[in-house]
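The sequence and the structure are shown first, and the description follows.

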Amino acid sequence: MPDPADHIADLTDFVTASPSSYHAAAEVARRLDAAGFSRLDEATDWEPAGRHYVVRDGAVVAWVRPTASGPTTPFRILGAHTDSPGFKLKPHPTVTAHGWLQAGVEVYGGPLLNSWLDRELELAGRLVDRDGREHLARTGPFLRIPQLAIHLDRSVNDKGVTLDPQRHTAPVFGVGAHGDVLARLAEDAGLRVEDVAGYDVLTADTQAPRRFGLEDALFAAGRLDNLVSVHAGVTALAEAPDDAAHVSVLAAFDHEELGSESRSGASGPFLDDVLTRLSDGTAGELRRAYAESSCLSADTGHGIHPNYPERHDPVNRPALGGGPLLKINAKQRYATDAHGAALWARACEAAGVPWQEFVSNNAVPCGSTIGPLTATRLGIRTVDVGVPLLSMHSARELAHVDDVAALAAAAGAFYAGA
């Protein structure tokens with residue numbers, strides 16, 4: 001198991017470098033380059049043996065393919081996602097109202113809206129110029145969604161905060177009549193605003209990740225769902241053996257928070273495209289490889305909340321610090337089955353880390369992950385796992401440092417063949 005202090009410091013750097021899915025993909029690529037991987041272009045021929053990766057928009061698929069592997073060699077895949085809930089910049093994004101300059105945004109995914117109030121936010125994502133070149137941009141602290149003062153709504157502590165997604169979530173970034181959100185982003189990217197032909201830009205919290213609490217065991221940061229799993233996958237893949245009896249794969253998808261239906265999402269063709277080229281055999285040989293393959297769908301899960309214990313299953317109550325989760329659901333909202341559970345147990349035991357089971361309260365609808373999508377699209381046995389959190393989908397989520405390190409260790413054992 002990696003030293004939790006060193007691992008959390010490295011995760012801090014990863015989260016800080018990854019305010020959007022596009023930045024996360026770029027940071028994954030940078031780390032893979034440093035670990036001796038080479039980047040391939042989907043539009044060219046490949047020699048797929050060795051350590052390589054491809055980037056598609058805000059998603060990355062990377063692999064370690066032994067030289068001795070063939071068309072029926074199975075895959076060991078860790079799947080995760082690079083996007084997180086928040087707000088996405090609309091067209092014509094600069095809005096003026098009552099002397100204020102505001103940014104026009106729409107809700108992305110399922111954020112806890114109130115958690116985004118009264119925080120210094122940044123805009124981050126990609127700009128595409130008129131020649132089709134892509135440029136990453138991030139503003140640093142630039143925006144804030146101000147909450148209404150209690151003096152103007154005396155009953156707010158009794159009735160709670162109710163936010164209209166259109167009227168109440170537009171962030172402010174200045175006063176007066178002169179200011180341009182897009183010009184600020186273009187400046188950061190070294191472009192003229194008139195050269196920006198398209199953009200995919202989202203909000204991110206700018207507060208730095210931080211350890212705190214008794215013995216500094218707690219860790220708070222934005223976008224832990226699901227950068228914690230992407231980071232674990234990159235860390236483990238960099239150490240994956242070159243002579244395994246399988247091909248080790250990291251699939252970090254985009255758009256999971258929207259349902260994954262995109263060219264770079266888990267419902268799209270990206271992973272199948274890459275695995276087909278890695279197998280480089282007949283369709284029948286690829287299906288034989290899939291039949292012996294396995295996938296860890298690594299996403300975050302829910303730890304027991306001490307203030308809302310009734311929202312959890314009365315028996316299965318995973319605690320932060322008790323190890324990563326095995327996620328189970330009878331309706332297959334998680335893809336775990338008995339064989340997958342045994343695979344996860346072997347990986348955790350080989351890594352020397354504890355693990356816990358999670359199942360939803362019957363009266364609380366269960367979320368889902370890329371796991372069932374991967375299992376359904378490819379027919380690969382998939383098991384859903386992940387780090388327990390509090391405040392999932394908040395602008396700032398909460399984890400335990402030991403769980404984060406343990407997930408990376410279990411992922412390493414999975415790639416090693418446990």
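Which residue takes a positive phi in the hairpin of β2 and β3? In this predicted model, the residue is D57, with a phi near 55°, in a hairpin that has two residues between its strands.

Strand β3 (residues 59-65) has seven of its seven residues buried, so it is largely enclosed by the rest of the structure. Its residues A59, V61, W63 and R65 point one way, while V60, A62 and V64 point the other way, and all are buried. Strand β3 also runs antiparallel to β13, to which five bridges join it; here V64 has S248 of β13 as its bridge partner.

Strand β13 (residues 247-253) in turn pairs with β4, in the parallel sense and over seven bridges. In that pairing F253 of β13 is the bridge partner of H81. A parallel pairing over four bridges links β4 with β14 (residues 294-298), where R76 stands opposite S294.

| Strands | Sense | Bridges |
|---|---|---|
| β3 and β13 | antiparallel | five bridges |
| β4 and β13 | parallel | seven bridges |
| β4 and β14 | parallel | four bridges |

Strand β4 is likewise largely enclosed by the rest of the structure, because seven of its seven residues are buried. On one side F75, I77, G79 and H81 point away from the strand, and R76, L78 and A80 point the other way; all of them are buried.

**Helix α7**

Helix α7 (residues 283-291) has L286, A289 and Y290 among its residues, and these are buried. They lie on the same side of α7 because they cover an arc of only 100° around the axis. An α-helix has 3.6 residues a turn, so residues three or four places apart point the same way. The buried residues of α7 pack against β4 (75-81), α6 and α9. On the face turned away from this buried side, α7 carries the exposed residues R288 and A291.

**Cavities**

Rolling a probe the size of a water molecule over the atoms shows where empty space is left. In the whole structure, a search finds two cavities of 30 Å³ or more.

The largest cavity has a volume of about 200 Å³. Its lining consists of 25 residues, and D83, S84, P85, L202 and R223 lie nearest its centre. At least two lining residues come from each of α2 (21-34), β5 (86-97) and β10 (196-205), and β10 supplies the largest share, five residues. The lining comprises eight nonpolar, nine polar and eight charged residues.

The second largest cavity holds about 50 Å³ of space. F253, A266, G268, L271, D272, T374, R377 and L378 line this second cavity. Two or more of these residues come from each of α6 (270-279) and α9 (371-378), with α9 giving the largest share, three residues. By class, four of the residues lining the second largest cavity are nonpolar, two polar and two charged.

Terms used:
Residues are numbered from 1 along each chain as its sequence is written. This is a predicted model: local features need pLDDT of at least 70, side-chain atom pairs count only at pLDDT 80 or more; totals for chains, interfaces and linings use all residues. Side-chain values use heavy atoms; hydrogens and water are left out. On a 1 Å grid over the protein atoms alone, a cavity is a set of points where a 1.4 Å probe fits but cannot get out, and a pocket is an open set with protein on both sides within 12 Å along at least five of seven lines; lining residues have an atom within 4 Å of a point. Grid points are joined across faces, edges and corners, and a volume is the space filled by probe spheres set on the points. Ala, Val, Leu, Ile, Met, Phe, Trp, Tyr, Cys and Pro count as nonpolar, Asp, Glu, Lys and Arg as charged, and the others, Gly among them, as polar. Buried means under 20% relative accessible area, exposed over 50%, partly exposed in between (1.4 Å probe, protein chains only). The arc is that of the directions from the helix axis to the C-beta atoms. Contact means heavy atoms within 4.5 Å. Two strands pair if DSSP finds at least two bridges between them.
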